[in-house]
Amino acid sequence: MRKKKGIFQRSLDGVEIVGNKLPHPVSLFAILALLVLLLSAALSPLGISVEHPGEEGEMVEIKNLLNGEGINYIFTSMTDNFIGFAPLGVVLLTMLGIGVAERAGLISALLRGFVLAVPNRFITLGLVFAGIMSSVASDAGYVVLPPLGALIFAAVGRHPLAGLAAAFAGVSGGFSANLLLSGTDALLGELTIAGAAIIDPTYAEGMNISMNWWFIAASVFLLTFIGAWVTERIVEPRLGDYKGEYREKLEKLTKLEKKGLIWASISIVISLILVSLLVLPEGAPMRGTGEQPIIQSPFMSSLVPVIAILFFIPGLVFGIVTKTIKNDKDVAYQLSDTMASMGMFIVLAFTAGQFVAYFNESNMGLVLGVYGAEFLQTINLTGIPLVIIFILLAAFINIFIGSASAKWAMMAPVFVPIMMQLGYSPELTQMAYRIADSSTNIISPLMTYFAIIIAFAQKYDKKMGIGTLVSTMIPYSLFFLVGWTLMLVIWMVLGIELGPNAPILYK
């Protein structure tokens, strides 16, 4: 007799069925772009207008993008909409540097070296911390750390699935926390800046991709302790003793890898010194001239190429020392492989670029922002309750749409203007979104790497399925979401800037 599924399992099955019925993100943005065109034609004759929030006395109406002028715009702007899609250039440039570091073996060696150097009593903390920090290498942490975490726990007599869960929680649940800036900051930041420009182009010009830096850096320590506590107090006791047969020793760094890490470290120190000389001294070419010469400077506007270079140089040095890079052809191939792996993102950028451009050109984002803000003011939903509701909404949506950039490309043009109308900065809206997006990554079967994590887990438990993995990760998701949200609430109450020149309130 077939065992009847419980409510929890049936709920998971429902999420999977609904999620699988959603179109691919590429198709989804194409559909949204078409929907914007149709809505612009339907709403334009109604004469809906609002006063521009940034220009007193200027009235703005919804444009019809399917009349003669609109059709000309669609065809003449298509190429510019694609090339001008905010995250396209910054992501590709960042990944050029990260790709070399990853393919040369530097990222893997750093992660293994870090975790192996941590004393046994701090293994869980070190593993979660390494997972959180791995986001500087984009998605590399998903492939390297969960199986590594399982190996480490098995090697010291602990349940390997607890190690895999701790690493997965750090990599995925803590994806938006880091001591350093990463490609995620560039990707989401450009979309946020574009959303802010709908309301206030002048304000948007003063924003930079490091807008959440102070908060995400502090978040690393909070999430590290939460992740370790959940692992040792909830997940590991629930799993019990490991009775499987699979055992494997963790490979230590080779002498060549250690040598490569030493030279890579020297190269990064030299690179940082050179970058500092371009910024810190009076009259330096990348130093600003105002009251905040570092924050408001060419350097802050050049963080994307700086990040790419600071990954490329140590990656190149490590590859040369360890012989994974023998000549310039190897570097070219690694760069080419990196760009090849970005093929789907490039296709996504085309349809997403059209949607964002049409949404802005039609003025629907501006009109929706003003009416949305008025509605929220009418029901008195402002302040901390508003931010919490937004976090919960984004966390729920994340279960069905795994791509952080895809969701934010849809949500930023709507929610950034609404929150600005209510007096909250785009920087705060982005950080609230990042908390929601990261926290529920680990319980979404539709997340890109979810199937890979299951495959890793089945190495130790052949019966591991979606329900088992989700039930293991739910405690991390809940504690991350609650703890991180409380941290943001405290940050708001204290009025601390979220990053360089990134206030809580919009004025």
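1. "Buried" means under 20% relative accessible area, exposed means over 50%, and partly exposed is in between (1.4 Å probe, protein chains only). By that rule, Tyr 73 and Tyr 358 are both buried.

2. Some housekeeping: this is a predicted model, where local features need pLDDT of at least 70 and side-chain atom pairs count only at pLDDT 80 or more, while totals for chains, interfaces and linings use all residues. Residues are numbered from 1 along each chain as its sequence is written, and side-chain values use heavy atoms, with hydrogens and water left out.

3. Rings of Phe, Tyr and Trp (its six-membered ring) pair if their centres lie within 6.5 Å; planes under 30 degrees apart are stacked, over 60 edge-to-face, and the rest tilted. The rings of Tyr 73 and Tyr 358 have centres 6.3 Å apart and planes at 65 degrees, so they sit edge-to-face. They join distant parts of the chain, with Tyr 73 in helix H3 and Tyr 358 in helix H16, 285 residues apart. Helices here are DSSP runs (H or I, at least four residues), numbered from the N terminus.

4. Have a look at Tyr 242 and Tyr 460 too: this aromatic pair is also edge-to-face, 6.4 Å centre to centre with 70 degrees between the planes. Tyr 242 is in the loop between H11 and H12, and Tyr 460 in the loop between H21 and H22, 218 residues apart. Tyr 242 has 15% relative accessibility, so it counts as buried; Tyr 460, at 10%, counts as buried as well.

5. Finally, Phe 29, Phe 355 and Phe 359 form one aromatic cluster. The structure holds 12 aromatic pairs.

Conventions: Helices (H or I, at least four residues) and strands (E, at least two) are DSSP runs, numbered from the N terminus.
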